Amino acid sequence: MKAGRLAIAAIVLWAATAAAAAWFFVHGTTAPGSDGRTAIVLSAAERDFVLGEMRGLLAGTQGILDGIQRGDRDRIASAARSMGMGSAVDVDPALMTRLPLPFKQLGFSMHGDMDALAQAAQAGKPIPELQRMLADDLSKCVGCHSAWQLTSR
């Protein structure tokens, strides 16, 4: 009888833990922002890491624009690839739990789009098509910065 109760308690505890983990995976650690956006609450080091990633995206975007201006598809592909999914593999799993699901989806979508832009440039797609792809990606940046702010605890 005691073993049965212990098993039930273990299952209930496991289910509660799984539910809490799922909730945090979807919602992250957020709070109402000071300006109407949703604040993602991170440690100072995590905030610095995410902002560093964003600066990397901005630098890559400048590289793509430089390549577009010069008609240099190799430069475009190299800059886009530097922002692709390969650049997102070293993110700390603990940090990922603090980011809300829509933020993660937008970020991974952006990285995937950069891989597609690199492939399109290498395939010799016309410059106007590459510009359109970049403009679509930049609309994700605007959407993200319009919806979210990063704060540290």
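How many bridges join strand β2 to β3? I looked this up and found 5, with β2 covering residues 38–42 and the two strands running parallel. I count two strands as paired if DSSP finds at least two bridges between them. Helices (H or I, at least four residues) and strands (E, at least two) are DSSP runs, numbered from the N terminus.

I note that this is a predicted model, where local features need pLDDT of at least 70, side-chain atom pairs count only at pLDDT 80 or more, and totals for chains, interfaces and linings use all residues. Residues are numbered from 1 along each chain as its sequence is written, and side-chain values use heavy atoms, with hydrogens and water left out.

Sheet. I read the strand order as β1-β2-β3 in an open sheet of 3 strands with mixed pairing. The edge strands, each pairing on one side only, are β1 (30–32) and β3 (148–152). In β3, leucine 150 stands opposite isoleucine 40. Helix α6 (residues 127–147) packs on this sheet and touches β2 and β3, contact being heavy atoms within 4.5 Å.

Cores. I take a nonpolar core as a set of buried (under 20% relative accessible area, 1.4 Å probe, protein chains only) Ala, Val, Leu, Ile, Met, Phe, Trp, Tyr and Cys residues joined through side-chain atoms within 4.5 Å. The largest has 18 residues, and Met114 is among those with the most contacts inside it. Helices α2 (44–70), α3 (73–81), α5 (101–122) and α6 each supply at least two of its residues. The largest share, 6 residues, comes from α5. I also found a second, separate core of 10 residues, including Phe103 and Trp148.

Note on methods
Axes fitted to C-alpha atoms, helices over the stretch in contact; angles between N-to-C directions. Buried < 20%, exposed > 50% of the residue type's maximum accessible area, 1.4 Å probe, protein only.
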